[in-house]
Amino acid sequence: MTSVQNIGAFLALPIAPVISDMLGRRKGIFVGGIVMLGGVALQCQSVNITQFILARGMIGFGLCISINAAPLLITELAYPTQRGPITAMYNTNWYVGSIIAAWTTFGTFRMEGSSWSWRIPSVLQALPSLLQCTLIWFCPESPRWLIAKGKDMEAKQVLGKYHGNGNIGHPLVDYEYNEIREAISTEKEVGQISWMALFSTPGNRRRMRIIVALAFFSQWSGNGLVSYYINLILEGVGITETSTKTLINGCLQIFNLVMAFTSALFVDRIGRRKLFLISNAGMLLVFVGWTVTSAVFQETGSKAAGSATIAMIFIFFALYDIAYTPLLIAYTIEILPFKIRAKGFAAMSFTVTLGLIFNQYVNPVALEKLGWKYYLIYVGWLVFELGFIWLYLLETKGRTLEQTAMLFDGESNANGDMMSIQDEERRASITQSITRRLTFPTKLKAAPSSDTMDKDAGSDDMEMKKYDLDKDANSGRDVNF
């Protein structure tokens, strides 16, 4: 019953990116929300276990469609200097739902003998989907999707309203629009994009190597033991009262939210690679301690060892939350070019689902049979994770979505459509020149007013034109202003 939602999500994976790419990001979120509302309605009035299981599967199916479209919309709409923190906050909000679920069940657990002990949590599932389906129409569509569908003027109006304070002729708006259009035009020359495109080029294979690894790491770092089987973990250190276990779980979710949200604010200052390295190294050290204290308790019954294990769980999740919670989705999306972004994200979701299914079927059996010895397997796996992150994870901070592609695709293609790394870095410096007044030393700031940035529009525009002049002169093309 626990894993059936993941099975429903698994079944939706092939069609989720199709909906996001064909209908748009907003409609994808809406379709997923409608399916989830249907699943919630079915679950709330369940009269037998079969109906309840089918409802959970239906919720998972709709959830997969929504979460394929939602982070794409957020990333593709975000202001350039705010994209990292904002996208990182998206996955951090998972803990908001987790907190509501944990504390709701903490209360309804005491409603013994009443079907409302499970119906109330079931009804509350409808609230997020209801808000999505109602409010999504007040959100703009992704400008990248609009350009891909030939709706250039709509895209420019979105960019002008949200990135240029209503001025569609602002230098930053022109720069973003031209960069997106050029990238999508180049990608369209490839033709119809199939699933094999995820592995068709060396750059895409490098991307997928990282994405698949991070997806598995996000579920197989030891966090899955607590996320789904905290009862068994706590019973393993002598905590058997249900009220105490639900209280610890509720406090843990609040702690996770605070840690993940704080980390999301620093992804652009510290950098993605450093956060992943700190996270993996820290989790390895703490999990070794977790294994030792669990072993001591199970062998000797030491209460001090049991209490130390609880502390280790909190410290472990603090380290997990500084990278994997905020960056799993954010990093995946920003390293994928537009043409394969939806499919690549679906592949990541597919890998996460496989990890979840493994956790839900293997972990409880292994914990029961092996006890603390099962933790030794995770210690070895965490060593592998740290080595992989050190060798293969690339830093992406300070780049636009289009610029990040050059980290993986390298030098220009044979037809000269792609810029070299040197050109890309120069273009990145121009972006920083245009947006430098948005650099936030202590907190995020809103997009600048037109009055603030128009003072430098002339010099920035001339710098961009000079760059394009040099670039076109080197390529032998005619230059027109």
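The following questions and answers explain how some labels in this predicted model are assigned.

Residues are numbered from 1 along each chain as its sequence is written. Local features need pLDDT of at least 70 and side-chain atom pairs pLDDT 80 or more, while totals for chains, interfaces and linings use all residues, and side-chain values use heavy atoms, with hydrogens and water left out.

User: Why is Arg-83 called buried?

Analyst: Buried means under 20% relative accessible area, exposed means over 50%, and partly exposed is in between, with a 1.4 Å probe and protein chains only as cover. Arg-83 has 6% relative accessibility, so Arg-83 counts as buried.

User: What touches Arg-83?

Analyst: Contact means heavy atoms within 4.5 Å. Leaving aside residues up to four places away in sequence, Arg-83 touches Thr-75, Ala-78, Arg-272, Glu-334, Arg-399, Thr-400 and Leu-401.

User: What joins the side chains of Arg-83 and Glu-334?

Analyst: A polar contact of 2.9 Å joins them. The term requires a pair of N or O atoms within 3.5 Å; within protein, one must be able to donate a hydrogen and the other to accept it, and residues adjacent in sequence count only if both atoms are side-chain atoms.

User: In which helix does Arg-83 lie?

Analyst: Arg-83 lies in helix H5, residues 83-92. Helices (H or I, at least four residues) and strands (E, at least two) are DSSP runs, numbered from the N terminus.

User: Why is Leu-124 called partly exposed?

Analyst: Leu-124, in helix H7, has 38% relative accessibility, and therefore counts as partly exposed.

User: Which residues form the nonpolar patch on the surface?

Analyst: They are Val-96, Ile-100, Met-111, Trp-116, Ile-120, Val-123 and Leu-124, with about 560 Å² of accessible area together. Patches are made of residues with over 30% relative accessible area and no salt bridge; like charges are joined within 9 Å, and nonpolar side chains (Val, Leu, Ile, Met, Phe, Trp, Tyr) within 5 Å. A salt bridge is a side-chain nitrogen of Lys or Arg within 4 Å of a carboxyl oxygen of Asp or Glu. Accessible areas come from the Shrake-Rupley method with a 1.4 Å probe, and for residues only the protein chains shown count as cover. H7 gives the largest share of the patch, four residues.

User: How does the reach of helix H4 compare with the expected span?

Analyst: The expected span is 1.5 Å times one less than the number of residues. H4 (residues 49-77) has 29 residues and reaches 42 Å from its first C-alpha to its last, close to the 42 Å expected.
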